[in-house]
Amino acid sequence: MMERPFTYRDNLLHVEDVALDSIARRAGTPCFVYSANGILGRYRAYDRAFGEQPHKVCYAVKANGNLAILGLLARAGAGFDIVSGGELFRVLKAGGASENVVFSGVGKTAEEVEYALEKGIHTFNCESETELSLIDALAARLGTRARISLRVNPDVDAATHPKISTGLREHKFGIDIHEAEEIYQRARWHQHLELEGVSCHIGSQLLKPEPLLDALDRVLSLVDRLRAKGIAIQHLDLGGGLGVPYRPTDDPPSIADYVARLKARTSHRNLKVMVEPGRSLVAESGVLLSRVLYRKVNAGKEFIILDAAMNDLIRPSLYEAHHEILPVKRDAGRGTVKADVVGPVCETGDYLALDREMANVLPGDLVAVATTGAYSFVMSSNYNARPRASEIMVAGNGWRVVRQRETFDDLVRGEMV
Ligand SMILES: *Cc1c(COP(=O)(O)O)cnc(C)c1O
């Protein structure tokens, strides 16, 4: 059992050994607070579970691209899964090695492909035949060869939220697994491509391993067919997708169990296995720390108004996502309240929770919006001209700001009257 990075000590919520109220006092709110050891622990859980089997754990940068997180993982030996040139830039800035980068995404531009070829990334996960031709042509121009894997669509239902499911035939992602063999055959004519891998990614926040294992079985049988035709597939990239417990009742498989089941299917096959976890590496190691501004009652309905809003955390509005909201100071004598938790943004859709039974927090109190290490800051915006929150990294009993709160001047950078 992995230790949780956020725990109450003397009724005060701590991240590792640091009390969250001391961070709020000095850094202000809203801010995202991350646990370095929480993130590292999860990376190591993947890495250790693979053990001696050839493998690479490529962190999906889109989950949280803060340089401090990327640097932490790079030093621990992680690879990176990127979906844009900007993410490659971030990885390199953070000290990541380009030969540990895989490039996914359905709409890579020529500029992005060129940049990635110049830096010598590990693999392009390609999503169409035209993309293969583009990469081949650009590699030829640069006098190099590109390592390729086709992202196939295994046509399994990830049984997750429709907006984060990607593995059905009708989705925009990947290449139909039934057409993949022919495309690999034709791609052998491209002189500047090395057909090294097969990849897939069926969706996100999967709470059951079965869809991932079904996808793996289908991709493995494709690998066998390709190898039988003389295409020397060396690695299989299963993408990300493992879920995290947003609700106390969610019970996703542990990283160790999940990887053990991957290994059972792959360890005898002379195949390097790659995974691209995003959420399961970072989500549980982050909170959004916010202060209660007001309480009010409208038409009998209780509202808790925070200084954090949908521009800081859009998941509840966008995906009906659930995030636990914890009082930083626990006080059983206060009782509970059923309320909508909202922010200052001028939209009815601006909420972090609806009809939530939660601690009866009052103006001036601090709350921690839990499980916001992934797909939270990265999706934040300046809507309503709100400067984006700061980000803070805790390790043991120390902490530092790893992204400053934006200023009003930041809001207008690049604009002109
Ligand atoms: C989003 C994404 C991931 C990461 O997914 P998680 O659910 O966060 O683990 C991995 N690979 C690809 C191609 C992705 O698009």
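This is a predicted model: local features need pLDDT of at least 70, side-chain atom pairs count only at pLDDT 80 or more; totals for chains, interfaces and linings use all residues.
Student: How far does helix 2 reach from its first C-alpha to its last?
Tutor: Helix 2 covers residues 36–50, which makes 15 residues. At 1.5 Å a residue you'd expect 21 Å. The model comes close to that, with a reach of 22 Å.

Student: Which residues of helix 2 are buried?
Tutor: Let's start with a general idea: an α-helix has 3.6 residues a turn, so residues three or four places apart point the same way. Now look along helix 2 in the structure and pick out the ones under 20% relative accessible area. The buried ones are A36, G38, I39, L40, R42, Y43, A45, Y46, A49 and F50.

Student: OK, on to the ligand. Which residues are closest to the ligand?
Tutor: There are 14 residues around the ligand. By class, that shell has three nonpolar, six polar and five charged residues. The closest are K62, S204, E276, R279 and Y375.

Student: How far is the side chain of S204 from an oxygen atom of the ligand?
Tutor: Let's go through some polar side chains one by one. D81 has a polar side-chain atom 3.2 Å from a nitrogen atom of the ligand. K62 puts a polar side-chain atom 2.7 Å from a ligand oxygen. For S204, an N or O atom of the side chain and an oxygen atom of the ligand are separated by 2.3 Å.

Student: And how much of the ligand's area does the protein bury?
Tutor: Picture the ligand taken alone: it exposes 390 Å². Then put the protein back around the ligand. The share of that area buried by the protein is 94%.

Student: Are the rings of F32 and F377 stacked or edge-to-face?
Tutor: A search of the whole structure turns up three aromatic pairs. In the pair of F32 and F377, the ring centres are 5.9 Å apart and the planes sit at 90°. Planes over 60 degrees apart count as edge-to-face. Since 90° is what we have here, the pair is edge-to-face.

Student: How many residues apart are F32 and F377?
Tutor: F32 is in strand 4, residues 31–35. F377 belongs to the loop between strand 19 (366–369) and strand 20 (390–395).

Student: Which residue forms one aromatic cluster with F32 and F377?
Tutor: First, a look at where the two sit: F32 is buried at 0% relative accessible area, and F377 is buried at 8%. The cluster also takes in another aromatic residue, Y34.

Student: Is N64 buried or exposed?
Tutor: You'll find N64 in the loop between strand 5 (55–60) and helix 3 (67–76). A polar atom of the N64 side chain lies 3.2 Å from the backbone nitrogen of N66. The relative accessibility of N64 is 2%, so N64 counts as buried.

Student: What about D409, buried or exposed?
Tutor: D409 sits in helix 12, residues 408–412. Exposed means over 50% relative accessible area. D409 has 58%, so the word for D409 is exposed.

Notes
Residues are numbered from 1 along each chain as its sequence is written. Side-chain values use heavy atoms; hydrogens and water are left out. Helices (H or I, at least four residues) and strands (E, at least two) are DSSP runs, numbered from the N terminus. The expected span of a helix is 1.5 Å times one less than its number of residues. Buried means under 20% relative accessible area, exposed over 50%, partly exposed in between (1.4 Å probe, protein chains only). A residue is near a molecule or strand if one of its heavy atoms lies within 4 Å of it. A polar contact is a pair of N or O atoms within 3.5 Å; within protein, one must be able to donate a hydrogen and the other to accept it, and residues adjacent in sequence count only if both atoms are side-chain atoms. Accessible areas come from the Shrake-Rupley method with a 1.4 Å probe; for residues, only the protein chains shown count as cover. Ala, Val, Leu, Ile, Met, Phe, Trp, Tyr, Cys and Pro count as nonpolar, Asp, Glu, Lys and Arg as charged, and the others, Gly among them, as polar. Rings of Phe, Tyr and Trp (its six-membered ring) pair if their centres lie within 6.5 Å; planes under 30 degrees apart count as stacked, over 60 as edge-to-face and the rest as tilted.
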